[in-house]
Number of protein chains: 2
Amino acid sequence: MSQATIPVWDVFEVTFEGPAEGNPYLEVEFSAVFTGNGRTVRVPGFYDGEGRYIIRFMPDAEGQWHFETTSSVSALAGRTGGLRAVPARPGAHGPVRVANQFHFAHADGTPYLPFGTTCYAWTHQPQSLQDETLETLGKAGFNKIRMGVFPKDYPFNTNEPLHDVFAMGADGKRDFDQPNPVAFRHFETQVGKLRDMGIEADIIIFHPYDRWGYCDMSAEQDFRYVAYLAARLGAFANVWWSLANEYDFLLDTKPMEQWDRYFQILEQNDPYGHLKSIHNGDVRMNYDHSKPWVSHVCIQNWDVKKTPDWRADYGKPLVNDEPEYEGNIWPAWGNISAQELTHRFWVTALRGGYAGHGETFEHPDDIIWWAKGGKLYGEAWKRIKFLRQLLEEDVTTGLTPLGGTTSWPWSRVSGAEDGHVRYIYFGEHQPAQWTTGLPTEDGAYEVDLIDTWAMTIEPAERIAPVVPHPTRHGAVVRGGKPDAAFGVRLPSRPHMALRIRKLD
Amino acid sequence: MSQATIPVWDVFEVTFEGPAEGNPYLEVEFSAVFTGNGRTVRVPGFYDGEGRYIIRFMPDAEGQWHFETTSSVSALAGRTGGLRAVPARPGAHGPVRVANQFHFAHADGTPYLPFGTTCYAWTHQPQSLQDETLETLGKAGFNKIRMGVFPKDYPFNTNEPLHDVFAMGADGKRDFDQPNPVAFRHFETQVGKLRDMGIEADIIIFHPYDRWGYCDMSAEQDFRYVAYLAARLGAFANVWWSLANEYDFLLDTKPMEQWDRYFQILEQNDPYGHLKSIHNGDVRMNYDHSKPWVSHVCIQNWDVKKTPDWRADYGKPLVNDEPEYEGNIWPAWGNISAQELTHRFWVTALRGGYAGHGETFEHPDDIIWWAKGGKLYGEAWKRIKFLRQLLEEDVTTGLTPLGGTTSWPWSRVSGAEDGHVRYIYFGEHQPAQWTTGLPTEDGAYEVDLIDTWAMTIEPAERIAPVVPHPTRHGAVVRGGKPDAAFGVRLPSRPHMALRIRKLD
């Protein structure tokens, strides 16, 4: 038979004709086993309507792959085929994985520093608006986007979705045993476009903002839906699984053991092991991210100086999905200033975590980036792009914070390092000079002064280090000698940072 | 005998001649009992050097007072006299007490909202600088100042004090059994000047910044010194006792039970029951302010949104002595921007606490307000004065925060009320409109928009209240109706506040 040629980390797809009667979604088991490179990978298939049964597979290594299907239906069982995986497309680095405990990297080892934004329901808007969202994303500089499978019913979100996620039944009610293939085909098309733009799709599986009944699906319906997502979307390299936005607001219908089960279903049905997490609404209701199926910590919390504590609580990468959003809408999570959101990105990054962006400016037609996409009107995104570019110049392993939330002076200012580079961010602090955290040996260092708001980088003026007057307490004498080899002059205004590069 | 006439809350002082030989400070017991208004008050006396023994008494009620002395020395025992207490001087309202659990009022019931500053060692500077400090205080708008009895040895604080607090012994060593009356007379002269300016003197009894040996005084020497302060200074209406700055940095020589004992000695020797507290250095080392001898909570902590938690922890008035200082010196506690310190004052006030000011700009001669006084160079003090004036227009009982650190939306924006007035401070939030927390009935209200940085107050534009789209979760429907009778238009920039006054 003829053989497909598929770049590594691209999607191989094969369709079979099978039974259309009854409810194949419920009744037909269908999967394939791929073998290649000495490995065997079980890949779930899915029903795409009208008698079409699809297997998708993302090869993770070059070479020959062979598959054979299994099914409860004889017409779909024992079908075989193969593909030849060729080198990845330029710019494709494979799925993002946890790397170096608190950080991320693509499958090919390329460091990945998440700088995400949020457009919860962008795929449910009119097509022209979706096109505009993609255009904006093309220039904005984000490399991750949080987006929901379900449409959203919420303040500023009252329109009907472009496509119903589940089909309407004969009784005029939504039938949660009948996925709407049109909706899923559209959703995965957009995920694929994001992939080709180098943007990770952080896919939100459940959320509580609902007037269509998705919140009230039965446990079995939920479990099938999660497995279906894994089968349809798992082959997209840029997929992250976000089990829920604000899962705790759903606990009345979906108890905790059900959340654990969703994770387990993903583990069973996603052969690629995409990243998996979940986040809270109430700040006291973090999910227990130490559970083994959680790859990284997601939280929502504005109190970003605590980032080292959250990291330490779970020992995993820390993504703060919502440190509040830039904007001016009335909800208090959606109206901080651009300067404040920029500040929170810097504080989070320089304390070893990753922050998420959102923009929520009032709009006459409620076309607000955070939910619907469209245009960006704010000022933070430019500074976030600047920060991303800056960090990507040097950071490879990932940033380790200097000190923690109780260590001097890093409880107040933020600092982090990675190999040969170190950053210090002063935020609301505006010293005229600084010494602590600078190199202790007078070697070859390049020290730059960064204005995080003006987005300028210039060589810092080196001066003598601070020699603090000793503090004495009876026989105990502290200080009296500098804690670095040199100091720098700073401009006595807030939101400045330093970059210290060790030269070889 | 002739009788003194003393305004209520002023100092009655009477001096007796007694033995000068030996060490009267150690050897002579001397006190008096005052009777008047059907009450009996034991008042400790003190030795002022050169054979002078002094009793000071602050009458707290008009009318006739009689006293009789007691002493271990016959020449000082059984001496009698009296005074007639007349109405208080204009503007004198008596010592500040705890009022309404979380707040303060003068003895005559006048509300007292602390707006303090910090000049730790101002009384130890050259006299001309002290005069300048008083001149600055005359215009600055602070009504409390933190100041140490001991001089200070610390970065930026290297000069010798104007007067040694204890005398030099014959052996050329400082003799902690010999107070230097010159130093104490000077100190209390300055305390009296502050009193006459309407400024409370928050007197710091111990601190760890020492090269003179004060940190290493014995427990007995400490106890005598505390009792001596009570006897000398208790009659000044404006005295507050601050047991220590950063007591936890002194625990190596002064264990916890000793700190408790200092409080108890003050209770025994200060017949007026001046306010008493103590504050931490390390944020994890708050003193247990629930102990009964602590009148109010003092802390140092930059994380001011936690103010309601700290209040709740101890159930007493909360004074945050150091939410970091405006300035540009290198230590990270002393270089936040004016806008940030102003912000922290508003957040603290509108979460039911009281913040303290300090200013720490680099100066060629290290004349920095926070330690030495002199001039103010910053911008925060003007906004703090504006805040004080604003609150004093309406606040009588004291501000009660709206919600706590976990209640929506008051975990993010700050709000507080007192009787007919309510304030909302948005800080880093910049909504274009606001409804939550505004009156629920469309009555007679005056609503003003306050720019906390520009210091402007103007009528707010009333608009229709937000009618949020309902959030549905299956059968549960939230929202859908406004939570106030009207909304206000806001300018979409940070650091704005609202004042809502109910009109009768």
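Q: What makes a charge sit over a ring?
A: NZ of Lys or CZ of Arg has to be within 6 Å of the ring centre and within 35 degrees of the ring normal. In this predicted model, the charged end of A:Lys305 sits over the ring of B:Trp302, 4.2 Å from its centre. Another case is B:Lys152, whose charged end sits over the ring of B:Tyr209 at 4.9 Å from the centre.

Q: How many aromatic pairs are there over all chains?
A: The count comes to 84.

Q: Why is the pair of B:Phe46 and B:Tyr228 called edge-to-face?
A: The ring centres are 5.9 Å apart, and a pair needs them within 6.5 Å.

Q: How do you know whether B:Phe46 and B:Tyr228 are buried or exposed?
A: Buried means under 20% relative accessible area. B:Phe46 has 3%, so B:Phe46 is buried; B:Tyr228 has 6%, so B:Tyr228 is buried too.

Q: What makes B:Phe206 and B:Tyr225 an edge-to-face pair?
A: Their centres are 5.4 Å apart and their planes are at 75°, over the cut-off of 60, so the pair is edge-to-face. This pair joins strand E15, which holds B:Phe206, to helix H4, which holds B:Tyr225, 19 residues apart.

Q: Why is B:Tyr225 called buried?
A: Its relative accessibility is 0%, under the 20% limit, so B:Tyr225 counts as buried. B:Phe206, at 1%, is buried as well.

Notes
Residues are numbered from 1 along each chain as its sequence is written. Chains are lettered from A and ligands numbered from 1 in the order in which they are written. This is a predicted model: local features need pLDDT of at least 70, side-chain atom pairs count only at pLDDT 80 or more; totals for chains, interfaces and linings use all residues. Side-chain values use heavy atoms; hydrogens and water are left out. Rings of Phe, Tyr and Trp (its six-membered ring) pair if their centres lie within 6.5 Å; planes under 30 degrees apart count as stacked, over 60 as edge-to-face and the rest as tilted. Buried means under 20% relative accessible area, exposed over 50%, partly exposed in between (1.4 Å probe, protein chains only). Helices (H or I, at least four residues) and strands (E, at least two) are DSSP runs, numbered from the N terminus.
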